[in-house]
Amino acid sequence: MTRPVTPRAARPACALLAAGMLATACSPSSDEGDASVLTSLDYNIAEPQNAATAQMLEACAERAGVTVEREELPREQLMPRLLQGASQQDLPDLMLFDNPDLPQVAATGALLPLEEAGVSTEGYYPSVLEAGTHDGTLYGIATGVNGLALFYDTAALEEAGVEPPETWDDLRSAAEELTSGDTKGLAFSAIGHEEGTWTFEPFFWSNGAELTQVDSPEAVEALELWADLVEEGSVSQSAVNWTQADVKDQFVGGRAAMMVNGSWQLPVLAEEDVEYGVVPLPVPEAGTEPSPPMGGEVWAVARNGEEREAKAVEVLQCLVEDANMTEWAELNAYVPGKEELARELAEEDPGMAPFVESVPGARSRTAELGEDYPEVSSALADAIQSVLAGDAEPEEALSQAQESVPAS
């Protein structure tokens, strides 16, 4: 998942960004014959991502000998624009979007296969490449990725004599021990959309469940864990309304001793008065590998004619080269998509080490279901909501969610 972005007031169309930035395009160019001016679209409307995206695009465009007219939209507007553009053969040359959205666009046939276009995949984590793949073809490539881990208040754990949990039993015990007064032992987002599903998936997958069978005994057991934590009072029932930003606020405010959250919180927490540690998410049993969902965005290229495609690929290759990949990872607290760069980052920044450690086992959310993933994710989020609100038992809720899974 992408780190949450903070919307800001819309600017006048085609307004200029700060000095040295790109001009915002009114709309993608439809002149397929002119390869000197390319278009791009992304949802990096918050700072510092907005300025960094503009600067990297400008530098890479200059190197390729082209101009890139960039447009950025709020996240909720981006996919409707892309799907409409795909249906009308009017996509921007370059696109940056959340990796689970890729299959919906790729299924239209509007994206360029990147390996066939000469984009190198050498050095990338296989799991990172999988997140940009649809039906066996690579259509998107990530500058960096993110994931989930367990953050804990070091003082709270020391005072309670609790070790950072490694298994589900450890987690249940620690969360109970750390719950006192207004402080819950654990906080996580169980909000009724992809953010809640994304937070649940590491528990779901690490227990052996699959998205093609969301009502399996393994899936039921994972949801029972969450339900028990709420019922026992170790997690607030308000989790059904919390975003990951809200969860961070609970943690920073001392109302949660541990939290499930993403790497993008590291620079946020650095500005707060809180001492914390980070460890991989607890797993069902010792020795089980964590299976977090692969988060982050991918760059993709539209089929807009050979000349435009060639220039767009040239810009793309610049965007994902090592220096830019490292810069983007450090700016966003992301893990670089290439293994060697990720290892270097973990050595320089120990706080990133648990996230780097999780990348090899991270899973593409759309690998099993492709473009059907959003519907199943939504049904799974609904099931989580109904169970944590006390309106249904896990088996019942997941059985209903299974109805959204397409027949194999």
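Reply: Buried means under 20% relative accessible area, exposed over 50%, and partly exposed in between, with a 1.4 Å probe and protein chains only. This is a predicted model, in which local features need pLDDT of at least 70, side-chain atom pairs count only at pLDDT 80 or more, and totals for chains, interfaces and linings use all residues. Residues are numbered from 1 along each chain as its sequence is written, and side-chain values use heavy atoms, with hydrogens and water left out.

Me: Is Phe203 buried or exposed?

Reply: The relative accessibility of Phe203 is 2%. Because that value falls under the 20% limit, Phe203 counts as buried.

Me: Which geometry do the rings of Phe203 and Trp226 adopt?

Reply: Rings of Phe, Tyr and Trp (its six-membered ring) pair if their centres lie within 6.5 Å, and planes under 30 degrees apart count as stacked, over 60 as edge-to-face and the rest as tilted. By this rule the count comes to 8 aromatic pairs. In the pair of Phe203 and Trp226 the centres are 5.7 Å apart and the planes stand at 70 degrees, so the geometry is edge-to-face.

Me: What is the handedness of the disulfide of Cys60 and Cys318?

Reply: A disulfide is a pair of cysteine sulfur atoms within 2.5 Å, and the sulfur atoms of Cys60 and Cys318 are 2.1 Å apart. Both cysteines, Cys60 and Cys318, are buried. The torsion about their S-S bond is about -70 degrees, so the disulfide is left-handed.
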